[in-house]
Amino acid sequence: MPTPPETIYGSAYMPTDVPGPQARALVERDAQVLAPVGRVYPLVVERALGCEVWDVDGQRYLDMNAGIAVLAAGHCHPRLVEVATAQLNRFTHMAGTDFYNEPMVRAAEKLVSLMPGGQDWQVFFTNSGTEAVEACVKLARYVTGRQNIIGFYRAFHGRSYGSLALTASKPRQREGFFPMLPGSFHALYPNCGHCPINLHHPECGLACLDFIEQTLFTCTTPPSEVAAIIIEPIQGEGGYVVPPLGTLAKLRELCDRHGILLICDEVQSGVGRTGKLWAFEHEGIVPDIVASAKGLGGGLPLGAMLARRALASQWKPGAHGNTYGGNGLTCAVTYELLCMVEEELMANAARVGAHLLAQLSALQQRFPVIGAVRGRGLMLGVELIDPASGAPASELANRLMVEAFRKGLLILTCGTSTIRFCPPLILTQAQADEAVERFALALEALC
Ligand SMILES: Cc1ncc(COP(=O)(O)O)c(C=O)c1O
């Protein structure tokens with residue numbers, strides 16, 4: 001396990017400007033050999049532990065990104081390092097869709113035991129979130145014999161062709177890649193901060209969702225040809241948007257009425273991040289199929305499609321498969337991680353998340369550019385606005401992200417003008433306070 005240098009929270013902010021010389025050199029080497037993908041700031045990590053990261057020039061950062069909502073147990077957690085090391089010495093890969101291995105079965109058993117309805121679920125392991133979504137879509141088409149899938153505007157489901165067709169977050173993610181998968185439709189995501197139909201909740205009765213029956217089903221696709229509706233219980237890349245309670249219940253009822261399957265994309269919101277294992281549990285509904293990834297692998301690449309047994313068991317041998325899904329190493333780590341989530345991480349996300357939400361909300365009085373603070377558990381968004389007009393302050397959000405980096409705080413934007421906080425679920429209250437302090441320093445520097 002790496003030994004971190006001695007550091008005391010709040011002792012010293014960036015001693016020198018970033019990026020330092022080593023970081024700059026690596027950024028140049030990277031540009032020569034790696035296809036451009038659009039990095040957001042020049043963080044070049046050397047080592048990391050818990051919620052802290054050190055770059056190649058020795059600068060210390062507090063990590064509110066967790067590798068984009070991935071590292072549920074933080075960097076290099078000793079329990080996961082121990083399990084991974086032991087498994088590396090046994091075997092790593094055995095092609096889970098061709099052969100059997102115990103860590104894969106153990107991880108699946110644990111996942112199933114944590115699902116509502118207990119034994120009524122089956123798992124297909126993937127390597128990423130996008131591949132989990134592909135599996136969900138393929139299963140929905142396969143078992144219903146229907147072709148069409150309805151997603152939501154501003155959703156993000158991934159970048160392979162099936163999931164990209166359902167992603168409707170930013171045009172640049174689709175530009176140059178048309179045509180998309182046929183049979184993909186989009187509906188209006190309930191977002192009371194920016195209501196898509198200018199009404200007020202709760203008087204509206206979630207009228208935005210009526211678009212599905214009143215417009216899609218009457219103008220573009222008969223419901224009898226819709227295999228599934230896919231929704232993020234909290235929109236992630238779309239801006240950490242929490243829809244009002246009742247959203248998933250209304251969709252569940254609509255799906256049941258038309259024989260449509262409900263898919264929850266929990267790739268970003270799942271595995272304890274919102275204070276419950278799955279974000280859909282806040283609504284008390286149960287979907288038919290769930291996509292998971294990110295937090296699930298504890299830092300190793302693992303995703304999963306979970307489906308009710310009655311659906312998943314319909315796949316005939318060879319109907320779907322992959323090479324790396326169910327890899328022994330990733331599954332051993334995932335089992336241990338799920339134990340930790342159940343034992344402590346989920347509760348910590350709820351507790352420290354409530355504290356962080358309160359502290360970030362308190363900044364609103366000092367900084368009128370903060371238009372809203374929202375989220376659940378440790379999936380929190382701070383939306384920035386122009387205080388005079390109320391318009392989204394996208395440029396400020398980008399500048400603030402970079403300024404925070406200079407102040408030793410790793411954060412990321414999402415949506416139009418929102419800063420997301422998705423730290424490791426082991427975050428302590430003291431670390432949350434330090435993050436808010438550094439965030440306020442960055443805000444002060446710009447506002
Ligand atoms: C909700 C959601 N679904 C799917 C994906 C795609 O996951 P991956 O990048 O692992 O393919 C993401 C990634 O951000 C996501 O947030």
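Guide: A polar side-chain atom of D265 lies 2.7 Å from a nitrogen atom of the ligand. Such a polar contact is a pair of N or O atoms within 3.5 Å. Another ligand nitrogen atom entry concerns F156, whose polar backbone atom is 3.3 Å from a nitrogen atom of the ligand. Q268 has an N or O atom in its side chain 2.8 Å from an oxygen atom of the ligand. The protein covers 82% of the 390 Å² of accessible area that the ligand has on its own (areas come from the Shrake-Rupley method with a 1.4 Å probe). This is a predicted model, in which local features need pLDDT of at least 70 and side-chain atom pairs pLDDT 80 or more, while totals for chains, interfaces and linings use all residues. Residues are numbered from 1 along each chain as its sequence is written, and side-chain values use heavy atoms, with hydrogens and water left out.

Visitor: Which residues surround the ligand?

Guide: A residue is near a molecule if one of its heavy atoms lies within 4 Å of it. Here the ligand is surrounded by S128, G129, T130, F156, H157, G158, E232, E237, D265, V267, Q268 and K294. By class, this shell has 2 nonpolar, 6 polar and 4 charged residues (Ala, Val, Leu, Ile, Met, Phe, Trp, Tyr, Cys and Pro count as nonpolar, Asp, Glu, Lys and Arg as charged, the others, Gly among them, as polar).

Visitor: In what order do the 4 strands form the open sheet?

Guide: Strands are DSSP runs of E, at least two residues, and helices are runs of H or I, at least four, numbered from the N terminus. Two strands pair if DSSP finds at least two bridges between them. The order here is β1-β2-β3-β13, with mixed pairing. β1 (45–49) and β13 (409–410) stand at the edges with a single partner strand each, so one side of each has no neighbour in the sheet. β3 (residues 60–63) and β13 pair in the parallel sense over 2 bridges, and D63 has L410 of β13 as its bridge partner.

Visitor: How many cavities of 30 Å³ or more does the structure hold?

Guide: Rolling a probe the size of a water molecule over the atoms shows where empty space is left. On a 1 Å grid over the protein atoms alone, a cavity is a set of points where a 1.4 Å probe fits but cannot get out; a pocket is an open set with protein on both sides within 12 Å along at least five of seven lines; lining residues have an atom within 4 Å of a point. Grid points are joined across faces, edges and corners, and a volume is the space filled by probe spheres set on the points. The structure holds 3 such cavities. The largest has a volume of about 90 Å³, and its 13 lining residues include C192, C195, H201, C204 and C208, which lie nearest its centre. That lining has 10 nonpolar, 3 polar and no charged residues.

Visitor: What volume has the second largest pocket?

Guide: Its volume is about 650 Å³. The lining has 24 residues, with G96, T97, M104, V123 and F124 nearest the centre. β4 gives the largest share, 4 residues.

Visitor: Which residues does a cis peptide bond join, with omega about 5°?

Guide: Most residues other than glycine have a negative phi, and most peptide bonds are trans. The bond between H201 and P202 is cis. Y240, not a glycine, has a positive phi of about 50°.

Conventions. A polar contact is a pair of N or O atoms within 3.5 Å; within protein, one must be able to donate a hydrogen and the other to accept it, and residues adjacent in sequence count only if both atoms are side-chain atoms.
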